[in-house]
Amino acid sequence: MSGGGGAELALFFVIDFPAMLAGTLAAVCCGLLGNFLVLRRMSLTGDAISHAVLPGIVIAFIVLGTRASMPMLLGAAAAGVVTVVLVELIRSGARVDPDASLGVVFSAMFALGVLLIERAGQLRNIDIDADCVLYGELEHIHWLAATGPESLLDPAALAQMPRQVVTLAAVTLVAVVVVVAFFKELRVVCFDPGLATTLGFPARWINLVMLGLVAAATVASFEAVGSILVVAMLVCPAATARTLTDRMSVQLWLSAAIAAVSGAGGYVLAALVPLWMGAEHSLQASGMIAVVAGALLVLGVVFSPSHGVVARAVRMGRLRVRIAREDALARLYRHEERAGAEGAALGGAELVGALEGVVIGRVALRSLIRRGLVERVEGDAFALTGAGREAAVELVRSHRLWEAYLVHEAGQRPDHVHRAAMELEHLTAEGESGRGRLVPESDSRETDPHDRPIPPRPPPAS
Amino acid sequence: MGDVLDILALRAGYNTSVVLAGATLLGVAAGVVGTFTLLRRRALMSDALAHATFPGIVGAFLAAALLGVSGRSMPVLLVGAAVAAVMGVLSVHALSRSARINEDAAIAVVLSVFFGLGAVLLSYVVRLEAHGQAGLRHFLLGQPAAMSAGEAKLIGAVAVVAVVACAALFKELRLVCFDRSFARAQGWPVDALDLGILGLVVVVTVIGLQSVGLVLIVALLITPAAAARFWTERLWLMTVLGAVLGGVSCYVGVAISAVLPRAPAGAVIVLTASAVFLVSLFFAPNRGVAARAVRSARFSLDVEQQHLLRAVYEAVESSGAGSGGAVDVEGLGRSRSWSRARFAVLLRVLALRGWVRVVEGEEGRACVLTGRGEREALRVTRNHRLWEQYLISHAELAPTHVDRSADMIEHVLGRELVERLEEALRGRGALPVPLDERGAPPSPHPIHGGRGRGAGGGEGGA
């Protein structure tokens, strides 16, 4: 390893590594705890907490002159209590919407915190300002005792790890332990607090503990990412994980992983990539972490295989094609009935009909041909094959049975039932079991309300 | 201090006075628009909108700089802010419509991620060292001192237009706020009106960027309106009051922040508004905390006085003495769980109101009901017994279970309700004797209480 390379590596460990670690830990810690806010629809409470703790932090700093974590946590807790009391007074007195009461209180407290922090800088002769509050100071977290990767194994150097990283590591550890140890209780409380109480879980206490942990995570992350961006950490990874899975245990670990990627990736994109690309300065790391988290969320929303926009569009498209297929088959069958001859053909345009649109119609037609249900007779005319006729019979039978049912059992007028039956037939046309159960006792009828014959039940396949 | 007064009295120079006037008009507009925002429960959406302007401002500056135009031109920046705000709103809608994210999470995501994007862009712009980029920070927490007179006039003009728009649409907005479905059924374009309110929020946010800053502008929208809510139930008054409070908060806040070093204007304005809010919270005549506490204390006192009267009456009744019988005070004090101090206060109040007389006797103090006192005691006792009887006959409760409930209900039964009670009981034959003004129905359960004294003495307590 050349001297130059060694120096760069050492520099990485002094400057970048602790910052990246802090950012990642903040992201993971908040991301894990944020699941409970997102699931309980309390995301804005997270926003409120992160704003409301500010005066507590600052007052603790002013009074004690130190940025040590314990007094800050206590200060934050005190601010939290004040917030809750005020919000309750407002809700019961002004009868103001709870969101608005929250907004009044937390913005007032945030303003107080900002003012104090600007003035506190003078009091304690330290130059801190509102910027730290808004974006944090990831770039100022340095591990001065590091000399290179070997410092990771050196207890003396590790003991000098910056305070913010140590606090974040501790809070993250506590969060992980609590989530793992109390997973069952947390899950029940998240989804059904009433049930939780009847099962003997103290739902309100669990709620308070989780909010307290969120507050602690906010305070610990405050110096890394500030008061506003921490909200992105609380909400985005959890929301992204939620688009990908339905199972809470999977969601929790997925959100932690996504948060870690956001934290590390955001830092790399902001602090390292610009330098690699030859720029002289880096970009704001904490902001980039939030942006990456948001981008991952958008990716999840769009591309999630189960819930994503694309997946839903594909499913919807498939459904529309299927319905168009079945409608075409039924149309051909009726055409045959009217013409009185099997093999009567329809032109492509008539077959597809105006209902589903030209594109879907053409796709459906091609699909029918591929499945051997319809064959091209000549030019632009198509007719049912034997298999197609069987399929069409099922559909038309379903349709007419529904019409009979709607008129005779549901009391509808004969001229009103065609539309409904056109939709309902698709439900019962596919699959033996569906039809057998859904199509009711009108089975034995022979004609529908329009005096058309109901095709008999096909003999079971041998 | 003198400086502040100078500013407030518009004596500190043309520029300052114009800026002050502009900011005040902004406060008025925010108060008016905030009323409707509050009622439409859009308070926190406004927060997302406000934070979303950040990348728009920086982006507009960047675009202008790249095009060689001065980025410091306010209309350019404000247009950028407005565009970004609209994109923020659209993003919230798009996100919350995707199946797995609900509105509060969408708001939190847009709020923080857009802000993060703004932070990243700002870090890029700062490196460019383009002229005017230092001023971009001021859009976060407000810096009215950096405004020119021309800009202040623009702000004032736009604010006036916003207020006029609200006044013109007042009836429609009121309808949409209170009964949306009725408005829709009546044919009002409720969606357009909603969009209109949101549009007004964008306008107020954008003109408030320089005075209050985007982080705290939402407080200016919510807090004066919420404060106004404490004083009145009527919408037009609430709107006017919100306007006044908003204007005053800005007026005072800007003046103070101009004089105090290191006091971001946004923070001072919000704190001023919050102080006004706190005063309203505590001292508003009907709904304020103080008024409610007084009402509650008075009600408690009334309730306990009536309990004491009834205790005296029942003691006399059970001792078999006629009216005018005296009751031993010591025993009376022990009959219910009053503290000695409380009992003394109650007795004194009753004496002062002329309902009892306290006489000294050989065995200690005794109290006697006056004529008026006896009538009131009778009324309360009758209410109590009627209700008990009602519970026994109609709700089929056991006689030992009815005292508690009657203890509470006796105070709130009005004359009409009492008559209906009697009718109901008479109908069931549960009223043993026809009642006149004197005498209450007998108690269905044994009464424990003070001992009676007086003519025929002897039988003592029950």
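A salt bridge here is a side-chain nitrogen of Lys or Arg within 4 Å of a carboxyl oxygen of Asp or Glu. By that rule, chain A and chain B of this predicted model share two salt bridges. Here is a quick tour of chain A, the interface and one residue of chain B.

**Chain A overall**
- Chain A holds 18 helices and three strands, and 52% of its 462 residues are buried.
- Of the contacts in chain A between residues at least 6 apart in sequence, 67% link residues at least 24 apart.
- Carbon and sulfur atoms account for 63% of the accessible surface of chain A, which totals about 21,200 Å².

**Confidence**
- Chain A has a mean pLDDT of 83, with 90% of its residues at 70 or more.

**The A–B interface**
- Contacts link 61 residues of chain A with 58 residues of chain B.
- The two chains bury about 4,900 Å² between them, 71% of it on carbon and sulfur atoms.
- One of the salt bridges pairs Arg100(B) with Asp246(A), whose closest N and O atoms are 2.7 Å apart.
- Eight residue pairs are in polar contact across the interface.
- On the side of chain A that touches chain B, α4(A) gives the most, with 15 residues.

**Ser17(B)**
- Ser17(B) lies in helix α2 (residues 14–39) of chain B and is buried, because its relative accessible area is 15%, under the 20% cut-off.
- Beyond its neighbours within four places in sequence, Ser17(B) contacts Leu10(B), Arg11(B) and Ala12(B).

Definitions and conventions. Residues numbered from 1 in each chain as written. Chains lettered and ligands numbered in written order. Predicted model: local features only at pLDDT ≥ 70, side-chain atom pairs only at ≥ 80, totals over all residues. Heavy atoms only, no water. Helix = DSSP H or I, 4+ residues; strand = E, 2+ residues; numbered from the N terminus. Buried < 20%, exposed > 50% of the residue type's maximum accessible area, 1.4 Å probe, protein only. Contact = heavy atoms within 4.5 Å. Areas by Shrake-Rupley, 256 points an atom, 1.4 Å probe, with all protein chains shown as cover. pLDDT = per-residue confidence, 0-100. Buried area = accessible area lost by both parts, 1.4 Å probe. Polar contact = N/O pair within 3.5 Å; in protein donor to acceptor, adjacent residues only side chain to side chain.
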